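Subject: Structure handover

Hello,

Here is the structure I promised to pass on. Please look it over first, then read my notes below.

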Amino acid sequence: MKIILKSLLFVFGITLIFVVFSCDELENLFINLVMKQEITASGNGPISETESFCLSDFNEINDNIDRIQEIKYVAAAYRTLESTPGLKGDILASLVAADGTEIFSITIPNVQVEDYIDNPFEIVLTQAQIDLFNSYLTDYQNHDCYTATLSVVNITAGDGPPYSLTGVVEIVVEIKTSV
């Protein structure tokens, strides 16, 4: 009888330890926000267009504005939605903060822009660019708006002029909120 009582007491003790120490409270919620900025550029020579957007344009920000603890950069990519058939050249994409600070600027040299319709180009930022962008995202209430630019220069092929390109720059950020 003592063995059964000791066994039951041991099982109860282990169960109690798991219940007490394994139930951590959910303190934070993480939301991945994909910010997509579609840009259409057209013209006879080098083509370029600029579009502006603000973090406050996104429901994920507005719905959690009082609970946001941190916003940080995760990843970025460029992809072509549509273009002049055969358009070839250098694709330039950049992101600039409202105060004029360039967050990043990339060049995809000598490409057939249609190659990025089903195969997005991953925009790889340097650690300095990530740190700069994160510093702006941390101070999101004072650095809400950005400008994205898409250009094609050194055009060497394509059915034109005129030339046209519709592309999208996608930036993923992680929003840490309190529950």
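This is a predicted model. Its accessible surface comes to about 10,400 Å². Carbon and sulfur atoms hold 54% of that surface. The chain has 179 residues, and 37% of them count as buried.

Now the fold. The chain has 3 helices and 8 strands. Along the sequence they follow the pattern α-β-β-α-β-β-β-β-α-β-β. Take the contacts with a separation of 6 or more: 82% of them come from residues 24 or more positions apart.

Next, the sheet. It is open and has 4 strands, in the order β1-β8-β3-β6. The pairing is antiparallel. β1 and β6 (121–122) stand at the edges. Each has a single partner strand, so one side of each is left without a neighbour in the sheet. Strand β3 (residues 68–83) is joined to β6 by 2 bridges.

Last, the surface. Which residues make a nonpolar patch of about 310 Å²? They are Leu26, Leu29 and Val179. Leu29 lies in strand β1 (residues 28–43). Its relative accessibility is 41%, so Leu29 counts as partly exposed; the cut-offs for that class are 20% and 50%.

Best wishes

Note on methods:
Residues are numbered from 1 along each chain as its sequence is written. This is a predicted model: local features need pLDDT of at least 70, side-chain atom pairs count only at pLDDT 80 or more; totals for chains, interfaces and linings use all residues. Side-chain values use heavy atoms; hydrogens and water are left out. Buried means under 20% relative accessible area, exposed over 50%, partly exposed in between (1.4 Å probe, protein chains only). Contact means heavy atoms within 4.5 Å. Accessible areas come from the Shrake-Rupley method with a 1.4 Å probe; for residues, only the protein chains shown count as cover. Patches are made of residues with over 30% relative accessible area and no salt bridge: like charges are joined within 9 Å, nonpolar side chains (Val, Leu, Ile, Met, Phe, Trp, Tyr) within 5 Å. A salt bridge is a side-chain nitrogen of Lys or Arg within 4 Å of a carboxyl oxygen of Asp or Glu. Two strands pair if DSSP finds at least two bridges between them.
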